Amino acid sequence: RSGEMAKSTQLADNEVFRAYATYAAIVLLKMMLMSLITAYYRMTRKVGIWEYSCSEDAEKIMRLEVVYSTECNTVKNFSSFSRGHLNDLENIVPFVGIGLLYALSGPELSTALLHFRIFTGARILHTFAYLIPLPQPGRGLSWAVGYAVTLSMAYKVLKTVLLL
Amino acid sequence: RSGEMAKSTQLADNEVFRAYATYAAIVLLKMMLMSLITAYYRMTRKVGIWEYSCSEDAEKIMRLEVVYSTECNTVKNFSSFSRGHLNDLENIVPFVGIGLLYALSGPELSTALLHFRIFTGARILHTFAYLIPLPQPGRGLSWAVGYAVTLSMAYKVLKTVLLL
Amino acid sequence: RSGEMAKSTQLADNEVFRAYATYAAIVLLKMMLMSLITAYYRMTRKVGIWEYSCSEDAEKIMRLEVVYSTECNTVKNFSSFSRGHLNDLENIVPFVGIGLLYALSGPELSTALLHFRIFTGARILHTFAYLIPLPQPGRGLSWAVGYAVTLSMAYKVLKTVLLL
């Protein structure tokens, strides 16, 4: 247990790592919240054929949504939510992975906080842009900002640790 | 190489981290197994149009499955497997990320083991609920249990390290 | 700040971790590049109905692509790109997670480099196999090689740290 204590003390002392842990937890929680929102919309708006048993209802819904789609709103909602969720996965996975390596590469605390705060802000904005939904280029811009922050962290990581 | 040894020794001493590593490896392996199962079903049940070249076969399958869908079972199987896999990604990514931060935040070994064991059990149950498939609320319940465990770990992380 | 310095020095000394950080950053960047490529194809080839507002255009595209699909190429492109991206997520997430645990389990540097290099090479090949696209079994083989490398690392992790 001495090893465990040493480890936790060491990390409690490391402010950059604490900042990373805080923001990584926040964006992962935001991604998890997206699951709940998607599930809520699936239930209340009756979108998503996959939750239904193989009955006539299911086929009717399937035809309405996937094939004829006279109610375009429904299709739009369904796809925007599932894509918003996938977009979270695509962007938050690199942030969590590269961010960890970045936090361990010894950056300045202020620089690290700047990266983490901008990324987290951009992703929260991106989520709102999906849910409301905001018109382009709001969504595209918030995506690009998060993307650029991750690239900047990756550059610092590779500059510091490169060993091919 | 002295740094490497120090590192590995330190981690070998840290029982909470060892527990995390064990369960993280298990759930990631489970997720990888899902790839194999999905691939197996795609091949044996001829679901998933994307594997076919752009021939008449592909179009026939596409029509059968996506448009007319007289064989509801096939559609159900196809969608349930791909969604099961995506559900794994959605839930195992936050567990692996938040779980690492949790393991490094110095929890009691018994508490940590409880979290890891319940999450891993819930996800394995969830996979069976998809594959068999079990009726609701089995799937929903196993999903909710894993979700709650991850939330509990995130709460501990944020309480310990919070630095905004 | 002494804790932070100690941490970063320690990691700079740990060559296995540096190798892990390098290759993890590379595959995560590759996955991010896939986002850009997918977005580029969506814009230039007019695939992906979800980007359009709910107009007649959207419905026409939807019918063309999802329902009638007389232009099989379009469907093929759309689906292959989104699936290529999802395949990245499915495979790179386990690599980043298990690879971190592996790097911390104290492997030989040469063995670790071998694992990281083969995985990264296989995933880059896999991406080209999707984009060009190369015929099977090129894609399947590159997937299987990356899969086997991750399994091998998971075996080493579980052998070293197992604590159930």
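Trainee: How many cavities of 30 Å³ or more turn up in a search of the whole structure?

Mentor: The search finds 7 of them. This is a predicted model, so keep that in mind as we go.

Trainee: What volume does the largest cavity have?

Mentor: About 290 Å³. It is lined by 23 residues, and the closest to its centre are Val96(A), Val96(B), Gly97(B), Val96(C) and Gly97(C).

Trainee: Which helices supply at least two residues each to that lining?

Mentor: Helix H2 (15–44) and helix H4 (72–103), in each of chains A, B and C. H4(B) gives the largest share, with 6 residues.

Trainee: And by class, what does the lining of the largest cavity have?

Mentor: There are 20 nonpolar residues and 3 polar ones, with no charged residues.

Trainee: What's the point of rolling a probe over the atoms, anyway?

Mentor: A probe the size of a water molecule, rolled over the atoms, shows where empty space is left.

Trainee: OK, switching topic. Where is Leu104(B) found?

Mentor: Leu104(B) sits in the loop between H4 and helix H5 (109–131) of chain B.

Trainee: Why does Leu104(B) count as buried?

Mentor: Because its relative accessibility is 10%, and buried means under 20%.

Trainee: How far apart are Leu104(B) and Tyr20(B), in sequence and in space?

Mentor: They are 84 residues apart in sequence, while their C-alpha atoms are 9.6 Å apart in space.

Trainee: Let's move to chain A. What does its secondary structure come to?

Mentor: Chain A has 6 helices and 0 strands. Along the sequence, that reads α-α-α-α-α-α.

Trainee: How much of chain A is buried?

Mentor: Of its 164 residues, 56% are buried. Chain A also exposes about 7,100 Å², and carbon and sulfur atoms supply 65% of that.

Trainee: And the contacts in chain A, what share joins residues at least 24 apart?

Mentor: That share is 74%, counted among contacts between residues at least 6 apart in sequence.

Trainee: Last one, helix H6 of chain C. What does it reach from its first C-alpha to its last?

Mentor: H6(C) covers residues 138–161, so 24 residues by the helix-span rule. It reaches 35 Å, close to the 34 Å expected at 1.5 Å a residue.

Trainee: Which residues in H6(C) are buried?

Mentor: Among them are Arg139(C), Trp143(C), Tyr147(C), Met153(C) and Val161(C). Gly146(C) and Thr150(C) are buried in H6(C) too.

Notes. Residues are numbered from 1 along each chain as its sequence is written. Chains are lettered from A and ligands numbered from 1 in the order in which they are written. This is a predicted model: local features need pLDDT of at least 70, side-chain atom pairs count only at pLDDT 80 or more; totals for chains, interfaces and linings use all residues. Side-chain values use heavy atoms; hydrogens and water are left out. On a 1 Å grid over the protein atoms alone, a cavity is a set of points where a 1.4 Å probe fits but cannot get out, and a pocket is an open set with protein on both sides within 12 Å along at least five of seven lines; lining residues have an atom within 4 Å of a point. Grid points are joined across faces, edges and corners, and a volume is the space filled by probe spheres set on the points. Helices (H or I, at least four residues) and strands (E, at least two) are DSSP runs, numbered from the N terminus. Ala, Val, Leu, Ile, Met, Phe, Trp, Tyr, Cys and Pro count as nonpolar, Asp, Glu, Lys and Arg as charged, and the others, Gly among them, as polar. Buried means under 20% relative accessible area, exposed over 50%, partly exposed in between (1.4 Å probe, protein chains only). Contact means heavy atoms within 4.5 Å. Accessible areas come from the Shrake-Rupley method with a 1.4 Å probe; for residues, only the protein chains shown count as cover.
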